[in-house]
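Work through the exercises below with the sequence and the structure open beside you, and try each task before you read its solution.

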Amino acid sequence: MLANLINGISLGSVYAIIALGYTMVYGIAKMLNFAHGDVIMVGGYIAFCSIMYLGWPPALAVIAAMVVCTVLGIVIERLAYKPLRNATSLAVLITAIGVSYFLQNVALLIWSANTKVFPNIFEKLPGIPLGDTTIAPVNVITVLANIVIMIVLTLFTTKTKMGKAMRAVSEDKGAATLMGINVNRTISLTFAIGSGLAAIAGVLLCTAYPTLMPTTGAMPGIKAFTAAVFGGIGSIPGAMLGGILLGVIEIFGKAYISTQLSDAIVFAVLIIVLLVKPTGLLGHKVHEKV
Amino acid sequence: MGTMLKVEDLQVYYGSIHAIKGVSFEVNEGEIVTLIGANGAGKSTTLNTVGGLLKARSGRIMFEDKDLHGVPANKVVAEGMALCPEGRRVFQHMTVLENLEMGAFTRSNAEAEETLEHVYELFPRLKERYRQVAGTLSGGEQQMLAMGRALMSRPKLMMLDEPSMGLAPILVQQIFDIIVDMNKQGTTILLVEQNAQMALSVANRAYVLETGRITMSGDAKELAASEEVKKAYLGG
Ligand SMILES: Nc1ncnc2c1ncn2[C@@H]1O[C@H](COP(=O)(O)OP(=O)(O)O)[C@@H](O)[C@H]1O
Ligand SMILES: [Mg+2]
C-alpha cells in the first residue's frame, strides 16, 4: 500500500515534469506538441551515451541531455512550427505528429531498435527506510526534482519580467507585441524550457524504468499530455496535480485491479473528469472578451 | 509645433479586402487629433497599422522623421508611440500591477517605478486595486488600466482606439477628462472614436474616415459645426 503510493507519486512526478512542457507550450503557442514525448527519449539517449560511452559522471550527463534537448526544442519550433504560426490547428497537429515520427526514426538510425539498459545513476545513494519498506533513492530524487522545478517555474512566471512576459504572450500576442515583447523569442524560450525539463524527465524515467528504445518517450508523453489536460491545460499547478494523480491511479490500478487495464483506467478517469469539469481540475475558463 | 506623425497614402488589405485606400494624415506635437467615422470605416485598421500590428501594402508612416517601414511591431513602442487597442485587451489573468509592469516592458525598473507613481496619480482607482486580477475589474476600470498600461511606456504619442466603447455616460466623461489631462501633461494624442461628439469636443483637429478614405478634415470645432458632419455623425 505505502510502497505503491510512493511509486505512484514518483511516477506521477515524472508525468508532472513532462506535463509542464505540454502545458507551457500549449499555453503560449496554443498547440499540442506531440513530439514532446520523443524529446524525452532523446534526453534519455544523450544521458545514456554520456555515461556509458564517454564515461561522464551522471550530473554532467544530465546537463548534456538538457543542453541537447533545449537546442532540439528550439530547432523543432523554428523549423517545424514557426512557419505554421497562422495555419489551422489541424495542420500544426499533423506536423507535430510528423516531428514525433521523425525523431523516433532518427533515433532508430543512430541507436538501433535494440533496447539499451539505462544505468542506475543513483546507485551509491542510500534508500530511506519508511515503515516496512524502503524508498528508493530515484523516487526521492524524482519527487524532490519535481518540487524544485515547480517552485522555480512558479517564481519565474510570477516574479521575473521574462516570466510575466511569457504569461502576457500566452494571453494575447497582439497586446503583448504592443508592450514591446518579442513574441517569437518568448515562444522559443518556452520551447527551450519545456524541452530542458523533458531531458530531466527522460533521465529520471529511464533510471526508474531502465529500458531505453526509440519509442520510450511515446507512452509517457501521452500519459503526461493526459495529465496536463486532467489538471487543466495551461496551468502549472494543474500539471503537477494532474501528473501525480495520474501516476498514483496508474500504479494502484496495476496493483489492485489489473495490469492490463491500468492504462484504460487512467483514461477512463480522464474522461470522467472532463465530463464533469471540461477545463480540467485547475484550468480556468477562457474569459470572453468584453 | 513640429509634425510628430505623418502618414502618407496608406494602403492596407486583409487578404483581398481593400480596407484602407490611400489614407494620409498628420499629427503635430502637443495636439489631440481625432479620426471619426462609422463602424467599419477603417479607423482601427489605420491605428493598428501605425502601431505595427498590421502591415501596410504601401504608403509611408513617419514618426518624428523616422520611417517606420521595417521596424518590427514590438520595437514600435520603444520609438515613443503607444497604442491602447480597441476592446482594451488588458491581460485578464494578470494583476493590475502586472499589467502596468508589462506596459513598461521596454523601460528600466527605475523608470517604471517613477512612471507608476504618475499613473497612480492619474488613476487612483488602479492604485487601490493593484493586486486585483484584471479580468475581475469593471469595464471602466479595465479601460483605465489599458490607458495606464499604455502610459507606462512613457509615449510621446498615445493612440487610443474607442476608449469610450461600452461605458456609461458618466464614465465616458471621466475617460475624456483623463485624455485631456494626459494631453496637458505633454502627451500628444491620436484618438479614434465612434462617439464623434465627445471626440470633436476635446480635439484640436479631426479627420473623417469613410470606407477606407478620408472624406473631410479640419479644425475640430469647425467640423462639429458643419452640416455634413452633424447629419452623418452627430445625429442631426
Ligand atoms: N481581421 C479582418 N479580416 C478581414 N476584414 C477585416 C478585418 N478587420 C477588419 N476588417 C474589415 O476592414 C474594414 C475596416 O474595419 P475596422 O478598421 O475595424 O473599422 P472601424 O474600426 O472603423 O470600425 C471593415 O470593412 C472590416 O469588415
Ligand atoms: Mg474599430
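## Exercise 1: The second largest cavity

The second largest cavity is lined by A:Leu178, A:Met179, B:Val77, B:Ala82, B:Leu83, B:Gly103, B:Arg149, B:Ala150 and B:Ser153. This is a predicted model, in which local features need pLDDT of at least 70 and side-chain atom pairs count only at pLDDT 80 or more, while totals for chains, interfaces and linings use all residues. Residues are numbered from 1 along each chain as its sequence is written, chains are lettered from A and ligands numbered from 1 in the order in which they are written, and side-chain values use heavy atoms, with hydrogens and water left out.

## Exercise 2: The largest cavity

Task: find how many cavities of 30 Å³ or more the whole structure holds, and describe the lining of the largest cavity.

Solution. On a 1 Å grid over the protein atoms alone, a cavity is a set of points where a 1.4 Å probe fits but cannot get out, a pocket is an open set with protein on both sides within 12 Å along at least five of seven lines, and lining residues have an atom within 4 Å of a point. Grid points are joined across faces, edges and corners, and a volume is the space filled by probe spheres set on the points. The search finds two cavities of 30 Å³ or more, and the largest cavity has a volume of about 50 Å³. Its lining includes A:Leu178, B:Gly51, B:Ala73 and B:Met159. Helix 2 and strand 6 (81-84) of chain B give two or more residues to this lining, and the largest share, three residues, comes from strand 6 of chain B. By class, the lining has eight nonpolar residues, one polar and no charged.

## Exercise 3: The interface

Task: describe the contact between chain B and chain A by its residues, its buried area and its salt bridges.

Solution. Contact (heavy atoms within 4.5 Å) takes in 25 residues from chain B and 23 residues from chain A. Buried area is the accessible area (1.4 Å probe) that two parts lose on being put together, summed over both; here it is about 2300 Å², with 61% on carbon and sulfur atoms. B:Phe91, B:His93 and B:Phe105 supply 29% of the area that chain B buries against chain A, more than any other three residues. For a salt bridge, a side-chain nitrogen of Lys or Arg must lie within 4 Å of a carboxyl oxygen of Asp or Glu, and the rule finds three across this interface. One of the salt bridges joins A:Lys164 and B:Glu101, whose closest N and O atoms are 2.5 Å apart.

Technical notes: Helices (H or I, at least four residues) and strands (E, at least two) are DSSP runs, numbered from the N terminus. Ala, Val, Leu, Ile, Met, Phe, Trp, Tyr, Cys and Pro count as nonpolar, Asp, Glu, Lys and Arg as charged, and the others, Gly among them, as polar.
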